[in-house]
Amino acid sequence: MREYLRRSARWAEAVGAAESWPFFDLGEAIEPGIHVDGDLAAEMEDFLYQNVTRGSIRNTCWGAVHWAALPPDTLAGLPALDDPYEPLLLFYERGGPFTLEGPFINVGEGMVLQKNIEDHLSPQPVTDLDAISLDYLDTNESR
């Protein structure tokens, strides 16, 4: 979660979307009205309707889909930053639901202090995203 906050903060700052950070649709911020194939969009909406109630999770799921749908030339003029959604998608895949509780993000066994966007603009990753590092985090720390 902390690595997602870092990456999304850097992207939000780069594209002028800091006011929408942290759980936002970056693809939509970069290319408003971005189109996703009708069948995929319908399948995605159906899945989210049946399985996801939290707006922040719905926004980031759509954000990941819109991010993947961005034409490569759209990102050509932007900084070469890390994929913003990779950490969050790994978090979801590994069973990581979250809730927002005031200034904290509850990630199950622990809490992450959200802080301000400026606190997450470090160019250095918070953690590696390889399976060994994530397994260690899953068993020893909050996500």
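Tutor: Leaving aside its neighbours within four places in sequence, His-66 is in contact (heavy atoms within 4.5 Å) with Asp-25, Gly-27, Glu-28, Ile-34 and Val-36. The model is predicted, so local features need pLDDT of at least 70 and side-chain atom pairs count only at pLDDT 80 or more, whereas totals for chains, interfaces and linings use all residues. Residues are numbered from 1 along each chain as its sequence is written, and side-chain values use heavy atoms, with hydrogens and water left out.

His-66 belongs to helix H4, helices being DSSP runs of H or I with at least four residues, numbered from the N terminus. With a relative accessible area of 10%, His-66 is buried, a word that stands for under 20%, while exposed means over 50% and partly exposed lies in between (1.4 Å probe, protein chains only).

From there one can follow H4 to its packing with H5, where the two helices meet at an angle of about 120° and their axes are 11 Å apart; the axes are lines fitted to C-alpha atoms over the stretch in contact, and angles run from 0 to 180 degrees between N-to-C directions. That angle makes H4 oblique to H5, since angles under 35 degrees count as roughly parallel, over 145 as roughly antiparallel, 65 to 115 as roughly perpendicular and the rest as oblique. Ile-57, Thr-60, Cys-61 and Ala-64 of H4 make the contact with Leu-88, Leu-89 and Tyr-92 of H5. By class, the residues of this contact of H4 with H5 are six nonpolar, one polar and no charged, where Ala, Val, Leu, Ile, Met, Phe, Trp, Tyr, Cys and Pro count as nonpolar, Asp, Glu, Lys and Arg as charged, and the others, Gly among them, as polar.

H5 (residues 86-93) also packs with helix H1 (residues 2-15), at an angle of about 155° and with the axes 7 Å apart, so H1 and H5 are roughly antiparallel to each other. Here Glu-3, Tyr-4 and Arg-7 of H1 meet Glu-86, Pro-87 and Leu-88 of H5, and the residues of this contact divide into three nonpolar, no polar and three charged.

Tyr-4 is buried at 0% relative accessibility, and Tyr-85 is buried at 2%.

Trp-11 and Trp-67 form an edge-to-face pair, 4.9 Å centre to centre with 70° between the planes. Trp-11 lies in H1 and Trp-67 in H4, so this pair ties together parts that are 56 residues apart in sequence; both Trp-11 and Trp-67 are buried. Ring pairs also link Tyr-4, Phe-23, Tyr-85, Phe-91, Tyr-92 and Phe-98 into a cluster.

Definitions and conventions. Phe/Tyr/Trp six-rings, centres within 6.5 Å; stacked < 30°, edge-to-face > 60°.
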